[in-house]
Amino acid sequence: MELFSSKFWQQSRIYLLLLALAPALGGATNFSNALYLGLITLAATMAAGLVNVALKGIIEKEARVPFTVIVTITLLTIYQFYLMIFNASLLDELGIFIPLVALNVLVLRQTVLFEVEDVSQEFRKSVWLGIQFLFLLVFLGGLREMLATGGIMGTEMLARDLSFFAEPGGMLIILGMLFALVKAVAPELQQEREKGVK
Amino acid sequence: MLDLLYLLLGGVLWNNIILTQLLGLSPFLVERKSSVEDIWGVGMMTTALMMASAFITFLIYDVILEPLALEYLDNIILILVIFLLVILFQQYKKEGVRGRRWHLYLPDVFMNTAVFGILLLNLTEWETVIEALVGAAGFGFGFAVLLVIIESINNRVEKLPLPEWLTGIPIQLITLGILALAVSGFSGI
C-alpha cells in the first residue's frame, strides 16, 4: 500500500518527534499529565511493536496499518476501563487524549517492523524514540505549568504567574520560540533533518 | 436554522479544533513548499473526510451501538470508519484529480488527529444527522482556513528580511499562537 510505504516512517528523528507531538500537545497541560501521556505513548509503542513482531509474516501487506491501529486502540480502550474503575479523575483530565495515542506517529511507525530484517535493532530504536518523546513532552508540560501557575507540582518557582500561558495560544508560542532557539543554537540539527537518519 | 449557523461559525471561530484543543497540528509541524491551491485542496479533502465520517459514525452510533448498549466500542468503530474512508479517498485519487498533488498529503490527512478528535468530542453532543454534518463541515472549514492563512503567511515571509532561524516552523507556530489568542476573544458569543 503506497500510502504507508515504509520510507515515509523512516524519516529523521526530529521530524518524527515533532510529528509525534501533534496528538499529545493539547493534553500536556501540566507536569503530571504530560508524564502520564508520555508513558502511555511509550507503553503503546512497545505493545504494538511486540504484537507486530509476534505476527510478522502472517499479516498481509494491505492490512498492516489498520491492524496496528486496531490492536493499539483496543489496548487503550482496556486501559480506559481500568482508569474508569481505579482512577476516574485521571481519566477526566486526559479525556480524549488517551484514544488519540493510537494515531501517534511513533505507534504507526511500528509497521516498519513487518518489513525490516533486523527486528531487534528496529524495536530498540523505536523504544529509544519513545523515551526521547517522553522527555520532550514532560519538559513542555512542566514548562507550561511553571509559566502558567508559577510552580511545578505545588513548588513555587516564579515570583508571579502568567496565566496567558495556560491557554492553547501560549503553548503554541512557547513551542515556536523553543524551536527557533534550537534552530539558532544548533543549525546542524536542521541539516540532519534534511538528510534523514538513513 | 440559527443553531446550525452557530455550529458552522463556531467550528471556524470560537470552537476551532486546532486553536482551542491543539488537535490536528501535524500539517503545521512540517516545512513544505506548496501552492495555496494545493493546500486548499487538502483542507477541502479533510473537510469531506470529516463530514463523511461524522455522517457514518453518527448513524452507526445511533442505530447500532446505542440500542445494543455497545457504546464502549466507539473508539474502535470510529478508527475503522476513518480508515475505510481514507482508502476510498485514495481510490478517488487514482482516478486522477486534474494533476493536483493531493496524494502527497494523504498520510497527513489520515494521521490528522482533528478528524478523530472532533468525533470523540462531539459524537454524543450532536442530536440529529443534519447537526452532525453541519458541525463537521464547520470544523473542516476552520481547519482549511487556517491551512490557507499559514501557507499565505509562509509565502510572504520568504520575501521579508527575517533571521534564518525564525523562518519555517517557528514562525508558523508563533502565528498560530497569536491567531489562537485572537480567536479566544470570540468565546463569549
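How many salt bridges does the rule count over all chains? The count comes to two, a salt bridge being a side-chain nitrogen of Lys or Arg within 4 Å of a carboxyl oxygen of Asp or Glu.

## Basis of the model

This is a predicted model, in which local features need pLDDT of at least 70 and side-chain atom pairs count only at pLDDT 80 or more, while totals for chains, interfaces and linings use all residues. Residues are numbered from 1 along each chain as its sequence is written, chains are lettered from A and ligands numbered from 1 in the order in which they are written, and side-chain values use heavy atoms, with hydrogens and water left out.

## A salt bridge within chain A

Glu115(A) and Arg64(A) form a salt bridge through their side chains, at 3.5 Å from N to O. Glu115(A) belongs to the loop between H7 and helix H8 (119-149) of chain A and Arg64(A) to helix H4 of chain A, so the pair ties together parts 51 residues apart in sequence. Helices here are DSSP runs (H or I, at least four residues), numbered from the N terminus.

## Interface of chains A and B

Chain A contributes 45 residues to the contact and chain B 45 residues, contact meaning heavy atoms within 4.5 Å. The area buried between the two chains is about 3900 Å², with carbon and sulfur atoms giving 80%; buried area is the accessible area (1.4 Å probe) that two parts lose on being put together, summed over both.

One residue pair is in polar contact between chain A and chain B, both residues at pLDDT 80 or more. Such a contact is a pair of N or O atoms within 3.5 Å; within protein, one must be able to donate a hydrogen and the other to accept it, and residues adjacent in sequence count only if both atoms are side-chain atoms.

On the side of chain A that touches chain B, the helices that each supply at least two residues include H2 (13-24), H4 (64-86) and H9 (168-185). H9(A) provides the largest share, 12 residues. By class, this side has 34 nonpolar, seven polar and four charged residues. Ala, Val, Leu, Ile, Met, Phe, Trp, Tyr, Cys and Pro count as nonpolar, Asp, Glu, Lys and Arg as charged, and the others, Gly among them, as polar.
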